[in-house]
Amino acid sequence: MVNIKKLSGRLYIVLILLILYAPLAILIICSFNNSKARNIWGGFTLHWYADLVHNQEVLEALRTSLLLTVSAALIAVVLGTLACVGMSVMGKKLRAVLINITNIPMLNADIVTGVAIMLLFAHFLTLGFGSMLIAHVTLGVPYVIINVMPRLRDASKGVYEAALDLGASQTYAFFKVVLPEIFPGIIAGFLFAFTVSMDDFVVTYFTKGPGINTISTMLYQQLRRGINPQMYALSTLFLISILLILGMVYRFSEINTSKREDN
Amino acid sequence: MRQTSVAARQTGKVNMILPLIILAVCSGIIFLSGCHGRDGEADGRQDLIVFNYGDYIDRETIEMFEKETGIHVRYEEYLTPEDMYTKYSSGVIDYDLICSSDYMIQKMMLEGHLLPLDQSRMTSYGNIDPRYLELCRAFDPENKYAVPYLWGTLGILYNNKMVTDQVDSWEILWNPRYKNQIIMQNSMRDAFLVPLKWKGCSVNTRNKRELKEAQKLLMDQKPLVEAYLVDEIRDAMIAGDAAMAVTYSGDATEAMDANEDLSYVVPKEGSNVWFDCWAVPDCCRHKKEAEQFIDFMNRKETAEMNFDYIYYGTPNKAVYEDLDEETRSDETIFPPEEILSQCEVYEYLGTETDRYYTRLWKELKAK
Amino acid sequence: MTDNRRLWSGPYIIWSAGFILLPLLMVIYYGMTNGDGSFTWDNLAAFADPIHYRAFINSVVIAFGSTLFCLLLAYPLALILGRRKGKNTDILIMIFIIPMWINFLLRILALQMILSNTGILNALLEFLGLAPVHLMYSRTAIMIGMVYDYLPFMILPIYNAIRKIDQDVIEAAGDLGADGLTILTRIILPLSVPGVISGIIMVFIPSISEFVVADILGGSKILLYGNVIDQEFNLSSNWNLGSGLSIVLMLFIFASMAIMNKTGSGEEDMVSW
């Protein structure tokens, strides 16, 4: 009985994974396809990978993308978490106002956010990496708040207050007591901010400076004359390295847990 | 326990400092983004900001230009002329040189956003076939603002294995036999061109009755249409997802290279001939260098490199005369005179007709 | 002791004033003026135009459907993963997020290769001796695309909520004789509501203004509200109308948030939406 339940659970996981990864598998296949057309198999090749290494433009875009996405997500996490802590002790009304403001970037059509931020920069600042970073942080913070807020509400107030009673400062108590409790929410928020920023095209397009490209703006510009299969190769490499890192972390934590259990 | 409270007292200060640090970092970002220098020219280097369609130039030609002149090019790309216009009109970046399509060039010209070019400074201007300059007068009456870069037509790309009838008229796009086999252009002017030309109207008509009738024909056609696409047409046709598609000659050439069952035709009623041109917008800060760039791209060697890279029609006489017979007689890239004479260049129709067009287009899509 | 933690939201308040409110004010300014800069309600009233509200209804229906399917697919998965023992599950969950790190456009194009008339799905069906399906360029295709794209946004918050449920509570219920179904409906389901609500918000909101998926997978045959806004900004350069229509969308979403907040869960403090 238990086994059937376990088995059907496993089967379901596999099914969802299949749905999520089938399109990616196709991209991987395309990266080895010796034909620029997607639906025609022109034989196996590695030359998209070979070209990729020498394509300064793509490498530069990749560098910009990673730098932008990681720093935007990090800043968003810090801003968002601090905001949550602040909001948790705020008056109800003020908090409601702030939360509604937070929703705005999520619920505006991307083009509206993009154009609005562009107009702001047009009047007060100039476009460059900085403007892209600001836009991406703004996109990411709401996702951090939406993930951290519920965790913070559930974080046991008792332990925190006990820590204060025992003479810990608020900051110390926060780092020692609250932070570990809300940490999963922070991680989730980081992942969301990272994901949203990685995926964004419209906002990036309108806020980027001349001559700077991210992977997504580069891809969209290739649309007119067909996606360069080097991009499939890049995605494949990216995907494989992420999965490898993940696998390693998983193995590592598994070894750690089993060791701990042995002790 | 005592240790803890000492640590706590120390971190107590952090309590206030932490948000302050964050604030400082954030304002640092803003400050840096503001101070980036408008063109990054603090070091006295010349930066030419060029704005072109995506993947629409052989990058090597830019490097050659930089090496020869010492001018640094900041090359920027866009997806559609409308994207370009939105970004240009926001005024966030001072573009020195743009490359865009005929009607957009005309719109910017009529709005006073373009600077007249000094052709005397362009030594290779003579390479451009006067025939094309003549055609360009439809949107630039004195050839003062635009220098043609590449050109092409709009026509029907079809699959010989799936289409049994002869394809020579726009009418076939209303043949119920091809229900769910027809791909239309998902751009307003190109979609309206089809019924307008079929019924013998000008593509530049401002006559609301004619436009309304064209819309009605498109409405009738909608149940037969598989999809309205732009950039995906090429791949869909290569894959054999549809029997025919309204598309540009450039896309058609690339599709036909990949799938030999495909053919391209410009219907007998005529069509649109489009030009993508270089032009200098009014926000330009390096006009001389921009003209140098245009001139460089008109040279035979560079124009040839770009033609080989993009494979759209080149207005460059020197390049054309040097092509092999097979390429020259490729009617997709270089349609014969009798077809070309049937083709019109798009003109900018003014705000009012533009709005009317958009309205009709939205109605069609909402149906 | 005064609570200094209130100050911690300072940087974010300043940030949101500068980069959320100020741009928003610009949108409102454009939405409430006409081309000459004089005040008008016309851009908001334009919503009553059949084209616009029909597009809006299309968007709501599709966004609602996508959210529902995401929920139906994600909940069992989050349940299975969330009830798994062992710390590693937190890493395992990453596998469901990673597909989103591959560019959206590439993923949608790949999906197109699967769904199209001559695509992989139909090749598979043919191989199995079944009749081909005509999925591409339809409402169904748009919905599949959106579900595919936003599914991870539903999985993660629900998983987090279920993960958080105290194991002791479940065990206690079991000891008191509750069967699996009762535990699920009486304990897990109610306690995971905040996660579900977060998930719904994160899927519904982006999908209601989505238009790229509709263009690529729907063949632009179905006009969505996002398309209308995009066209006003890009095609007809009518930023005033585009802004006006965006304001209506924002109002709608705020209103539905408020309703969800009322009906969502009794514990108003749990979720502040």
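Helices here are DSSP runs of H or I with at least four residues, and strands are runs of E with at least two. With that settled, here are some close-ups of this predicted model.

**View 1. Chain A is built from helices.** Going along the sequence, chain A reads α-α-α-α-α-α-α-α-α-α-α. That gives a count of 11 helices and zero strands. Of the 263 residues in chain A, 52% are buried. Now look at contacts in chain A between residues at least 6 apart in sequence: 78% of them join residues at least 24 apart.

**View 2. Chain A meets chain C.** Here 75 residues of chain A are in contact with 74 residues of chain C. Several helices of chain A give two or more residues to this side, among them H3 (56–88), H6 (129–154), H8 (170–199) and H11 (230–262). Which helix gives the largest share of the side of chain A that touches chain C? That's H1(A), with 13 residues. Sort this side of chain A by class and you find 52 nonpolar, 17 polar and six charged residues.

**View 3. Two helices cross in chain C.** Helix H6 (residues 104–115) of chain C packs against helix H8 (residues 139–164) of chain C at an angle of about 135 degrees, and their axes are 11 Å apart. That angle makes H6(C) oblique to H8(C), and the crossing is right-handed. On the H6(C) side, the contact is made by Phe104(C), Ile108(C), Leu111(C) and Leu115(C). H8(C) brings Ala141(C), Ile144(C), Gly145(C), Tyr148(C) and Asp149(C). By class, the contact has seven nonpolar residues, one polar and one charged. When you look at any helix, keep in mind that an α-helix has 3.6 residues a turn, so residues three or four places apart point the same way.

**View 4. Chain B comes in two domains.** Domain 1 of chain B covers 47–151 + 275–335, while domain 2 covers 152–272 + 347–366. Their C-alpha centres lie 27 Å apart. Where they touch, domain 1 supplies 13 residues and domain 2 supplies 12. Helix H4 (residues 102–110) of chain B gives the largest share of the domain 1 side, with four residues. That domain 1 side splits into nine nonpolar residues, three polar and one charged.

**View 5. Helix H6 of chain B is tucked in.** Is H6(B), residues 188–198, enclosed or open? Since 10 of its 11 residues are buried, H6(B) is largely enclosed by the rest of the structure. The buried residues include Met188(B), Phe192(B) and Leu196(B), and also Arg189(B), Asp190(B) and Lys197(B). What covers the buried residues of H6(B)? The cover includes strands S5 (146–159), S6 (182–185) and S8 (244–248) of chain B, along with helices H7 (208–221) and H15 (350–366) of chain B. Just after H6(B), check out Gly200(B), which takes a positive phi of about 75 degrees.

**View 6. Glu301 of chain B sits in a helix.** Glu301(B) lies in helix H11 (residues 300–310) of chain B. Why does Glu301(B) count as exposed? Because Glu301(B) has 12 C-beta neighbours inside 10 Å, and a residue is exposed if that number is 12 or fewer. Glu301(B) and Thr61(B) are 240 residues apart along the chain, yet their C-alpha atoms are separated by 9.1 Å.

Methods
Residues numbered from 1 in each chain as written. Chains lettered and ligands numbered in written order. Predicted model: local features only at pLDDT ≥ 70, side-chain atom pairs only at ≥ 80, totals over all residues. Axes fitted to C-alpha atoms, helices over the stretch in contact; angles between N-to-C directions. Parallel < 35°, antiparallel > 145°, perpendicular 65-115°, else oblique. Left-handed = near helix turned anticlockwise from the far one by under 90°. Contact = placed C-beta atoms within 7 Å. Nonpolar A, V, L, I, M, F, W, Y, C, P; charged D, E, K, R; others polar. Domains from an automatic or database assignment. Buried ≥ 20, exposed ≤ 12 C-beta atoms within 10 Å, placed from the backbone.
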